[in-house]
Each structure stands twice: as C-alpha cells, then as structure tokens.
Amino acid sequence: MKAYTVEIVIENKPAARDPEGETIHRDLILKGGYVNVKAVRTGKYLRMTIEANSPWEAERLAFEMCNSLRIYNPVAHVYRIKVLE
Amino acid sequence: MVRIAVIRFPGSNCDLDVVHVLKNVLGVEASLVWHKEFKALGYDGVVLPGGFSYGDYLRSGAIAARSPALEHVKVMVDNGLPVLGICNGFQILVEAGILPGALLPNENLKFICKWVYIRCDNGWTAFTWGIPEGKVLYIPIAHKEGRYFSDEAELERLSRKRMIVFRYTDQKGEAVPEANPNGSIRNIAGICNEKGNVLGLMPHPERASEELLSPSGSADGLLLFKSMAEYVKR
C-alpha cells in the first residue's frame, strides 16, 4: 500500500449561477485590466491522502466515496478527481 | 396524545423554539431528541429544526444527512408520518435525498435575516391543509444557503405533482423577482414530497407562531404546526 494525494474539485453545474465567480471576474479581474479572462468559476477543493495499491484504486475509492457519501450534490454540482503521485 | 420529536444535531438552533410552540402554544407532546438517540418508534411526527449543523462544513446539511437518525426519519417518511424540515432541516432533507434539489449560497452571498411574504400554493400537504391555497403568510427567514436550485426537468415534475408548496411573493401574493430574497429558482421557498407528508422550507414558522413576537401581530407560522398536529390526529 502506498499513500496517494488525491484532489477533488467541486463546482456548480453551468446552469447553476456562481455569483462569487461572477463577482471576482467582473469586479476584480476585468476591472484590473485582464480582459483576456473570459470566465471565472469558484468551487470547493478537498485534498485527501488515500492509501491504495495503485493510483487507479485510489481514484476508484475517491469516486465511490464522492457518490456514496454525497461529497457533492448531483443536482447542482459537477466534480473531478485527480490522483497525484 | 400526539407525540412529536424535534431532532437536535450539533449546531442546531431554534430547536427549543419549536418545542415551545408545540408544547406551550399548541399543547402537543414534544420532545427534544439528540440525533444519536433518535428512533422512529413512538413518534407521530418529527421536526428537523434550523441552525448550522456540523458548522455547515462541506455544505449546509451534508454531514447531518449521513446521521443514522436520518435512516429513522426515512422510515417515518415511508410510513406516511409528517416530517418537517425548517431551514437547516430543509437542507438536511435535501442532502439526504428525501426531498429533491439543492440549496445553494444566496445570490448576494450574504446571510439574510428578515421577514418576508410567502404564498401557499398547495393546501393538500400534512402541514398546509389548514391553510387556504393562495394565502399569503408573513414569516421570517434567516439563512445564507437558501437558493433553491433544480434543473428544468425536475422543476417541471415539481410543478406537475404540485410539490412547490411555498413561493416568495410580495404582500399581494405575486411571485415577482423583487420579492425573491435569495435568488431561488421560480421563487421557491418550500417543497414537499409526492405524498405530501414531508415538507421542507427555508422560512422559520416557529418564529412566527405567537402574535407577540411578530412585527405585524400575525401568527401565520402556527398554521403549519396546527395542520401537522391535526393531520396526525386524523
């Protein structure tokens, strides 16, 4: 078994407005002159240490956990998992 | 004698207010029960009160929704007993999958605490059968994550099955955008399940159940608890 660092990022689905991201974009980034930035979405970030036999097993465990414990709300959120070596 | 449980989680508040209204205003037997000790057996109904269970960590209601107490709540739901979720209780019911949808941070990202008008759009639930449809209630809200969200297909089902019970409106009962305090889709303030024995709402009826405590002198919130108690008796 090896300890893997697993990142989980949760953000709103495109149909669910993200007023924090919109405000950061409009009132900080665009006003600051970074006009090439076309959109900002905020989210929630979880970094976990998971013991597993392989990165795939760590990813599978994270996937299973996200769904069984509803780490995200499938109605409003999308999430992605990234396993770091 | 009607027996109603009020479940307390770490971080619940207004739980004692609910017990007070049920016991002292309505004369119903009400017990405050720690979530780890809650069992469905022996109760005719249950209230999940407001507050900030588990500090609202991860998402409001997300951690309390995994408490074993919710398995017992589900038994009561299946048995057709009345289950009421107020504010954080509504968030817990949604996160437990007992009610559909999601409650996102308010559109203005602020905690909003004020009295609002809501209209009753379904008088056939366990909590509203004593309220005429279209009646406007004056009742306070106090939350930061109350923006109801659901996709279009689900909203269509909610409308078709008459699961949208309360909407934020103006004083006349019009669901105009200006009357929407938190950006909830279609001004939704409260929904029920298909059977109508589970209701979740963001406003706090227990804070509007005595004339003395209402700025308008109304006690509109009491109508929900009265309906709940009468529903159990019948």
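What percentage of the 234 residues of chain B count as buried? The figure is 56%, where buried takes 20 or more other C-beta atoms within 10 Å of a residue's own, exposed takes 12 or fewer, partly exposed lies in between, and C-beta atoms are placed from the backbone.

Before going on, some ground rules. This is a predicted model, in which local features need pLDDT of at least 70 and side-chain atom pairs count only at pLDDT 80 or more, while totals for chains, interfaces and linings use all residues. Residues are numbered from 1 along each chain as its sequence is written, with chains lettered from A and ligands numbered from 1 in the order in which they are written.

Here are the predictor's scores; pLDDT is its confidence in each residue, from 0 to 100.

| Score | Value |
|---|---|
| Average pLDDT, chain B | 96 |
| ipTM, complex | 0.86 |
| pTM, complex | 0.95 |

So how is chain B built? Its secondary structure comes to five helices and eleven strands; these are DSSP runs numbered from the N terminus, with helices (H or I) of at least four residues and strands (E) of at least two. The C-alpha atoms fill a box of roughly 45 × 40 × 30 Å along the principal axes.

Now zoom in on helix H1 of chain B, residues 15-25. B:Asp15, B:Val18, B:Val19, B:Val21 and B:Leu22 are buried there. They sit on the same side of H1(B), because they cover an arc of only 160° around the axis, going by the directions from the helix axis to the C-beta atoms. Strands S1 (3-8), S2 (29-34) and S3 (45-48) and helix H5 (222-233) of chain B are among the parts that cover these buried residues. Just after H1(B), B:Gly27 takes a positive phi of about 75°.

What about the nonpolar cores? Such a core is a set of buried Ala, Val, Leu, Ile, Met, Phe, Trp, Tyr and Cys residues joined through C-beta atoms within 7 Å. The largest has 76 residues, and B:Ile4 and B:Val46 touch the most other members. H5(B) supplies the largest share of this core, six residues. A second, separate core of six residues includes A:Tyr4, A:Ile8, A:Ala62 and A:Val83.

Back to B:Val46: leaving aside neighbours within four places in sequence, B:Val46 is in contact with B:Ile4, B:Ala5, B:Ile7, B:Val73, B:Met76 and B:Val83. Contact means that the C-beta atoms, placed from the backbone, lie within 7 Å.

Finally, the two chains meet: the contact takes nine residues from chain A and 13 residues from chain B.
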